[in-house]
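Welcome! Take a moment to look over the sequence and the structure below before reading on.

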Amino acid sequence: MSLPSEQNWLVLNHLLTDLSKKGYEIPSGINPEMGLIRSSISSYKRDPSHPDLINELAKAEMSLNKVQGTLLTIAEEEGEEYVDEWLDLLKRVMKGEEVFEFPKSRSKFLVNSPPGLTTGRITLKNPLAEERVQEIAEWNGLIIEFDDDVTIQLHGDKPDLQVGLKEMGSFFLE
């Protein structure tokens, strides 16, 4: 499912990229702002019923409008036709069309991690014996969960987690 604000972000991100390639000076706050907006939209998509995330999405949409105004002002230097192309894309987004597709992300968020513990996740090239990982986890006081044959979640105190991950470093070479 793609949200209108997500599609709006995509259009503006493409516009930002295009303007940068054309050599236009982009205000320094735009890129970090776009990152924060994207993060707010992603958080909202994970739990659209949470009141705080609903408020964050509203703030993100206001920020998108501000970024849009800035970028379209810069785009005016390229000419009226150029601006009209981007305005057309933005209008299509407002009508609910999916103009651009998000690239598929390999990242996954860890859910239900134990409170108060640091969490890490490793993905190995090849499956390995569960006993080897369990031994290191027990030795360092870590909780382990196997997502699948090659993906392992580790939970524990930060220093213990760091030591455990270092000990598991050799597994990445296998």
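## About the model

This is a predicted model, in which local features need pLDDT of at least 70 and side-chain atom pairs count only at pLDDT 80 or more, while totals for chains, interfaces and linings use all residues. Residues are numbered from 1 along each chain as its sequence is written, and side-chain values use heavy atoms, leaving out hydrogens and water.

## The nonpolar cores

A nonpolar core is a set of buried Ala, Val, Leu, Ile, Met, Phe, Trp, Tyr and Cys residues joined through side-chain atoms within 4.5 Å. Buried means under 20% relative accessible area, exposed over 50% and partly exposed in between, with a 1.4 Å probe and protein chains only. The largest nonpolar core has 31 residues, and Leu-12, Leu-15, Leu-19 and Leu-71 touch the most other members. Two or more residues each come from α1 (4-21), α2 (30-46), α3 (51-75) and α4 (80-94). Helices (H or I, at least four residues) are DSSP runs, as are strands (E, at least two), numbered from the N terminus. With nine residues, α3 gives the most to this core.

Another core, of 14 residues, lies apart from it; its members include Ile-122 and Phe-171.

## A buried serine

Helix α3 also holds Ser-63, which counts as buried because its relative accessibility is 18%.

## Aromatic rings

The whole structure has one aromatic pair. Rings of Phe, Tyr and Trp (its six-membered ring) pair if their centres lie within 6.5 Å; planes under 30 degrees apart count as stacked, over 60 as edge-to-face and the rest as tilted. Both Tyr-82 and Trp-86 are buried.
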